Structures are given as C-alpha cells and as structure tokens.
Amino acid sequence: MESKTLMSKKNIVGAAVVVLLAAYGGATWYMGESARKHYEEALEEAKGFLGPQAVVSHQYERGFWTSHAKLVLQWSPPAAADADDAPVPPPIRIAVDSTLRHGPLAGARVAAAVVESHFAVEGLDENARQALAKVSPPTLTTVHRLMGGHDIHFAMPAGEMGEGDQRVSWQALTYQMSLDAARHKVSGSFQWPEMSLSGVQTHPSYEDDEGEDDDSPASAPSGPAERFTMALQGMGGDFDMQFEDGLWMLAPGSGKGRFDKIVLTRTQGESPAQTLLALQDLRYSAAIERTGNTLGWTTKAQTQGTAGPLVFEAVGLEETVSRIDVEAVKLFQKALLAAYRSDPAQAMLLEGPEVEALWKEAAPLFVAALPAYAVKLSATLEGQQATLEYGAEIQAAPTADEVKERGWGPALLKGSLLHAGMRLPKAWLPRIVQAMGQKDMPADQIDAMVGMAQAQGFVKQEADQLITAVRMEGGKLQLNGKALDLPMLKPAH
C-alpha cells in the first residue's frame, strides 16, 4: 500500500515537472515569436527614420531558445562637386549582428527577451581602417521586460584615433536607459571617465628681406608648432523625458550632469606646457517644459577655475529660451531627417530643396509664437563679481508688406527687442590687462582710458562698477539711455 502511495506521488511529481517544462517551452516559444515581432517593428521604424534605401539587407534566423538577426545599413558618400572625373566613393556599410535570447529566463535574467547587438563598419578604405585600428565596436544590450517596456545598455570600449600629436582618445563609455511600455517616458544615465583631444597648429614665419620675392623658399612656413590638448574628466549625468506628439528633439523633461575637470593646454615648440583653461567641478542642469503649443527651456551651469592667469572663485551661466512653436520644431525635425538622408556628413548644414521648403513652412510659425532668448553670465574674481546679460525677443511678427518693403532682417528688428548689459568691477581692469599679455598698466593710465570711454558714452561708472547697456526696441537704439540713429530701419523711399 505504501509503495503504491509512493509511486502515485512520484507520478504526480513527474507529471507536474512535465507540465512545467511544457509550459516553460510554450512560454519560450511564445516569447521568441514576440521577440521576432519586436525586431520587425524596430526594423520598420529604422526604415522610416533613415529611409528605406538605407537598409541593404536583413536576415532573421528563428530558433527555439535563441534567434539570430543581421541587418546591413548603407550610406553612399556624395561625389566631389568640383571634380567631374573624380572616382565615385565606395559605399560605407554598418553591419548589426544581434543575438536574441528568449524568455522567460533570457541570459540568466527574468525577461521576455534579451537582445545583444554588435556593430561593425564595412567598406572602408585602407586609410580609414588604419585610423580605426584602435577602435572597438560598441555593444547595445536591450532587455524586453515581461510586463512591457525596455531596459537599454550601451557600452563603447576605450579607444583611440589618430597618431602622434593629432589624436583623440577616450575611456569606456556606458549609457543606460529605460523606456516604459507605452514608449512615452524615458529615463537614463551615462558615465564617461575621460576623453582627450590633441592637435597641432603651425604658424608661418616669413622672411621679408629687401628685394626678396614672397614666393621664394625663404618665405615658406617655418614658425614653431603649437600643440593644443583638451582633457575632459569625470563626465556623467542623468535625465528623464516625456515623448509626446512626435517630439523627440525637444521633449519635455529634465536632466543634470557634471564634469569633474576640463583642462586646455598649449605647448609651443620645446617650451613647457601652458594652461589656458582649467575648470573644476562643473555642474549643469536643464529643464524643458511645454505650455500649450509652445516649448521653453532653461539651462544652468556653475563651475570654478582658471582662465590663463585669472583665478575665478565662481563662474555661472543661465540660459532661457521661451515660446518655441511645437509645429515649427516638428518641421525642423523633418528638415534634419531630410538633410541626413541626403548626406549624413553634412546633415547639420540643413541644405537642399526639401529642407528649404520645410524652412519656409516653419519660419512663419516660429516667428508668430514670439520666441524669446536670454543669457546671464557671472564670474567672481578676488571677491568681486562681474555680470554680462544679453537676449532677444520678437514682440510682434512682421506683416507680409513689412517684409516686402524692408526685407526679413529689418522687418524682424522693427518688432523685436534686443538688449545687452555688462557690470564690470573696475578692479578687474589691471588683471585683464595682464591676462592679455601686456605689462602692468599704471592706475592713472587706466583711469584715463575709462574717462575717455565714459566721455564718449560707452560706459557709466557707479562707485567701483563700470556699467554699459544697449537696448533696441521698436526700431530705436539706445546706448546707456541715449538714443542713437539706426538708418537701416528707416523705410526705403
């Protein structure tokens, strides 16, 4: 009787194991099929973003536990415009090899799927291959969560490009991002320990002896070379954004980050290196908000350090942009994509017939929203603070007749406000003179220069501060409260 009971229990356990294995296998098959659909959706999105001509080929090998995919993207560099007989540059291809591990246990993680993608550049000439010899391809790992949404990890290994004094090098960069199931909210962070750039600039030194031709060998460049190096250390930050209405360039959200150190040096010939700029503990933040049909954002930064011989206890920046039309931003996005599909290397120039048409459509929307821009810079030196503020604001959009009569520039100025103002401690002047490489200037000579500028109306003096302010509003220009004539804004006759 006991043996039958024991046998019955074993049968139950065995049946349970079989059911669990069958259920797991079914879940794995279902999640593998879901992973394939996600891949195909991502491929269609890539075609929509890059253009269908960019996709050369794609393959998908469906497996039970693991699937494999390969995507090849191609870009053909434009031929040189000034050389009709120049050879056509070979196309550049980017191969993306992906391994998809199916859930619910994918790569030792509880997930619907884990996709690991590796990138490789194909079609490079020998010079390009040598330039990239010390560059390892990045890896992109995407985790499809069981309840929807994605976790993304991007890793770029340490590398180096160039040689000698012309070089760019970096330590490993890591970037993590999470996207919710609705694909509306995204948050992320990055860490980049260090990146450095170096380059050499040569200056001509000409012999100008009497009777010597400028084209003679003696007039060839022979000046000492200058080597510049910039090092960025301790970079990192995080952000969160809310994608809506097709906005991806300026989505509402916020972010903050840091640079532990920024150093720019110059070495001339065999002389010791000279530090031109050294900033420490730079912190920045940015916030983008949407109000109705317009966007606005504020960027802030604080740091301290040296610029040449000047030692600043604090340096601050605050930049504010207001009333940017949402539809104009969308048209700008379209223009950027159109330019990218035409020539990725020149995309930021935003050139081409399609781009120009989009610009013409976006410009009236941009102007009608009455955008505004303002910047405030501050710096503290030896306990005394200087400030510089400037900005612009369109107060009234010009009419078609005003544009026709005056042209876009004067018509916009007629209905805009432009302003700039500076407060500079007088005690800064000797330090500025020294920073410019000049010898110490006597106090009476500095006073004479200030007096001359004050007599001409360029500056005003209040206690130990030198003040200047420029304001243009309604087509009228004022310098320190005094009106100045501006002929360009007068109607043509």
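This is a predicted model: local features need pLDDT of at least 70, side-chain atom pairs count only at pLDDT 80 or more; totals for chains, interfaces and linings use all residues.
User: What makes threonine 141 count as buried?

Analyst: Its relative accessibility is 11%. Buried means under 20%, so threonine 141 falls in that class. The residue sits in strand E7, residues 139–144.

User: Which residues is threonine 141 in contact with, leaving aside its neighbours within four places in sequence?

Analyst: They are Arg109, Val114, Val115, Glu116, Asp151, Ile152 and His153. Contact here means heavy atoms within 4.5 Å.

User: Why is leucine 317 called partly exposed?

Analyst: The relative accessible area of leucine 317 is 33%.

User: What makes the nonpolar surface patch, and which strands each supply at least two of its residues?

Analyst: The patch is made by Leu317, Tyr373, Leu377, Leu388, Tyr390 and Met422, and covers about 440 Å². Strands E18 and E19 each give at least two residues to the patch.

User: How do you know that the buried residues of helix H7 are on the same side?

Analyst: Helix H7 spans residues 428–435, and Trp428, Leu429 and Val433 are buried in it. They cover an arc of only 135° around the axis, which puts them on the same side of H7. An α-helix has 3.6 residues a turn, so residues three or four places apart point the same way.

User: What do the buried residues of H7 pack against?

Analyst: They pack against strands E17 (310–325), E18 (372–381), E19 (384–394), E20 (416–425) and E22 (465–473), and against helix H8 (443–455). Just after H7, glycine 437 has a positive phi of about 85°.

User: How do you know that strand E12 pairs with E10, E11 and E13?

Analyst: Two strands pair if there are at least two bridges between them. E12 (residues 185–201) has four bridges to E10 (residues 166–170), six to E11 (residues 173–179) and 16 to E13 (residues 226–242). Each count meets the cut-off, so E12 pairs with E10, E11 and E13. The strands run antiparallel in the pairing with E10, with E11 and with E13.

User: Which residues stand opposite each other in these pairings?

Analyst: Tryptophan 170 has methionine 195 in E12 as its bridge partner. Glutamine 176 stands opposite serine 189 in E12, and phenylalanine 190 is opposite glycine 237 in E13.

User: How many residues lie between E11 and E12 in their hairpin, and which residue in the turn has a positive phi?

Analyst: Five residues lie between the two strands, and arginine 183 in the turn has a positive phi of about 60°.

User: Why are aspartate 245 and aspartate 281 called partly exposed?

Analyst: Aspartate 245 has a relative accessible area of 48%, and aspartate 281 is at 38%. Exposed would require over 50% and buried under 20%, so aspartate 245 is partly exposed, and so is aspartate 281.

User: What is the phi of each of these aspartates, and where do they lie?

Analyst: Aspartate 245, in the loop between E13 and strand E14 (253–268), has a positive phi of about 55° although it is not a glycine. Aspartate 281, in strand E15 (residues 274–291), has a positive phi of about 50° and is not a glycine either.

Terms used: Residues are numbered from 1 along each chain as its sequence is written. Side-chain values use heavy atoms; hydrogens and water are left out. Buried means under 20% relative accessible area, exposed over 50%, partly exposed in between (1.4 Å probe, protein chains only). The arc is that of the directions from the helix axis to the C-beta atoms. Patches are made of residues with over 30% relative accessible area and no salt bridge: like charges are joined within 9 Å, nonpolar side chains (Val, Leu, Ile, Met, Phe, Trp, Tyr) within 5 Å. Accessible areas come from the Shrake-Rupley method with a 1.4 Å probe; for residues, only the protein chains shown count as cover. A salt bridge is a side-chain nitrogen of Lys or Arg within 4 Å of a carboxyl oxygen of Asp or Glu.
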